[in-house]
Amino acid sequence: MEAVLLQFLAGLATGSIYASLALALVMIYQATHLVNFAQGEMAMFATYIAWALINAGMPYWAAFLLTVAFAFVFGVLIERVVIRPVENAPVLAVVAVFIGLLVILNSIAGWIFTYTIKSFPSPFPAALGIRYMSPHQVGALLVTLAVLALLYVFFRFTPLGLAMRAAAQNPVSSRLVGIRVGWMLALGWGLAAAVGAIAGMMVAPIVYLDPNMMAGILLYAFAAALLGGIDSPGGAVVGGLLVGVLENLLGAFVIGNELKLVVALVLIVGVLLVRPSGFFGSVHVSRV
Amino acid sequence: MRAAYGATRVLHGIDFAMEEKSITALLGANGAGKTTTLRAICGMVRTEGAIRFAGEPITGKRTEDIVRLGIAHVPDGRGTFLHLTTEENLRLGAYVRKDRANVARDLERVYAYFPRLKERSHQQAGTLSGGEQQMLAVSRALMLAPKLMLLDEPSFGLAPLVVRELFGILRTINAEERVSMLVVEQNAAMALDLADQACVIETGRVVLSGSAAELKKDDAVRRSYLGY
């Protein structure tokens with residue numbers, strides 16, 4: 001029983017990281033109706049920046065904040081420079097851009113930082129650990145939950161958050177109430193990139209830092225987003241936690257660690273087959 | 001006080017001026033260019049010529065900036081943010097306003113005009129009826145505290161009773177809020193009852209304009225648009 005609890009809590013910790021990356025996917029999806037395949041590589045690249053800053057002697061939390069700020073600006077720039085020109089292009093063109101971004105970021109990271117696996121520090125003191133969870137697991141869970149709560153408050157209760165939701169849903173009407181839609185989309189990319197960067201920094205101490213570290217994580221996040229409903233932010237969070245727990249329990253007791261990633265793939269295929277809108281993907285009611 | 005909003009040239013050459021704080025109706029058949037005229041005013045289509053608002057040229061400005069001058073557009077199809085709540089829709093109407101305190105007061109005032117929206121304030125706007133969504137669209141425009149409201153076929157798809165209610169409230173709003181209105185309508189009888197002045201548009205040109213009372217008596221208008 002204790003072993004199950006242990007795996008459950010470990011699953012929650014990694015699940016919260018999947019949840020934040022899934023949330024980043026959902027944020028981009030709501031605005032573009034496409035899944036940003038480069039989301040993981042953007043997070044990986046930001047994590048390398050954090051690593052470089054820490055190695056240069058910067059205190060962890062300063063590097064953390066600076067990296068989040070960098071990722072935000074980077075996300076805004078990507079939207080303005082790379083995505084904007086293909087805004088009205090056919091779906092496949094945009095998907096090709098996403099995949100191009102993925103490959104480019106992966107290669108640049110490998111070129112600058114080499115493909116050697118590096119360790120990434122955890123900032124959390126030993127005192128944070130509890131009986132069943134390591135300090136980093138507790139810390140990562142707290143940090144990601146705090147990020148999710150902040151995002152919720154931002155989107156739910158601030159005029160800017162409301163304007164961003166409006167711009168993603170109905171650009172024409174948004175312009176008519178004076179919202180600068182282009183900037184809202186860029187802001188969304190910035191926020192998604194910042195959230196992804198935090199996920200990257202939280203997961204790097206567990207999976208170690210290398211240019212391919214987010215490949216698996218992105219798959220889990222994708223499964224989480226689909227499970228929750230690809231257009232539902234709340235669903236992404238629940239989906240992330242579920243996928244984390246499921247992955248850990250099945251990996252430990254049923255199928256073994258080697259087949260863990262298969263859980264994500266089976267979930268993706270399963271959700272698409274049985275319930276494409278996921279658990280919380282809204283079936284919108286509208287009357288005309 | 002008299003102030004001309006200036007002349008508009010769109011399509012094949014549309015020219016008209018509006019009196020401040022009055023209601024002007026644009027009449028015409030399908031495809032005459034009524035909707036395009038409204039879209040031209042708020043920068044949604046490419047326009048040649050000059051559009052002036054309170055003396056200031058606005059031709060070629062972005063929609064977002066035209067809104068900031070106090071021009072609110074109630075678009076055809078109502079432009080509801082379907083997945084947001086009624087109240088969120090209304091708050092978006094006031095997005096560009098800086099006077100937060102007055103926004104709260106205006107929200108209550110809008111609810112006073114349309115009590116049904118207050119009942120549904122936390123309901124997803126997509127679940128509102130057509131009439132309620134039209135009221136929401138008018139209210140959202142009102143939340144801008146606009147100087148000019150552009151209304152595109154407010155009667156479209158609504159039951160006659162609802163139309164009468166809506167037009168009554170529009171009249172009250174015009175009188176109480178001192179806001180000018182440019183109303184595009186196919187329902188010419190309703191529009192002429194509401195408006196102070198009217199222009200008749202045919203294939204992109206103004207063919208007739210004058211006071212609403214005059215136009216109502218005009219034989220050609222009566223035959224073509226009022227049907228008697």
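**Chat about a two-chain model**

Reply: Happy to start with confidence: this is a predicted model, and among the elements of chain B the lowest mean pLDDT, 73, belongs to helix α10 (residues 219-226), while helix α3 (residues 86-93) of chain B has the highest, 94.

Me: Thanks! What does chain B average in pLDDT?

Reply: Chain B averages 85, and 94% of the residues score at least 70.

Me: And where in chain B is the pLDDT below 50?

Reply: Over residues 1-7 of chain B. That stretch still has 19 contacts in the model beyond near neighbours in sequence.

Me: What about the complex, which ipTM and pTM does the predictor give?

Reply: The ipTM is 0.87 and the pTM is 0.86.

Me: OK, switching to the interface. How many residues are in contact?

Reply: On chain A there are 20, and they are in contact with 23 residues of chain B.

Me: Which elements of chain A give two or more residues to that side?

Reply: Those are α6 (159-169) and α7 (171-176) of chain A. The largest share, 6 residues, comes from α6(A).

Me: How does that side of chain A split by class?

Reply: The side of chain A that touches chain B has 10 nonpolar, 6 polar and 4 charged residues.

Me: Back to α6(A): which of its residues are buried?

Reply: The run is A:Leu162, A:Ala163, A:Met164, A:Arg165, A:Ala166, A:Ala167 and A:Ala168.

Me: Nice, and what covers the buried residues of α6(A)?

Reply: The cover includes α1 (2-32), α5 (135-157), α7 and α8 (181-207) of chain A.

Note on methods
Residues are numbered from 1 along each chain as its sequence is written. Chains are lettered from A and ligands numbered from 1 in the order in which they are written. This is a predicted model: local features need pLDDT of at least 70, side-chain atom pairs count only at pLDDT 80 or more; totals for chains, interfaces and linings use all residues. Two residues are in contact if their C-beta atoms, placed from the backbone, lie within 7 Å. Helices (H or I, at least four residues) and strands (E, at least two) are DSSP runs, numbered from the N terminus. Ala, Val, Leu, Ile, Met, Phe, Trp, Tyr, Cys and Pro count as nonpolar, Asp, Glu, Lys and Arg as charged, and the others, Gly among them, as polar. pLDDT is the predictor's confidence in each residue, from 0 to 100. A residue is buried if 20 or more other C-beta atoms lie within 10 Å of its own, exposed if 12 or fewer, and partly exposed in between; C-beta atoms are placed from the backbone.
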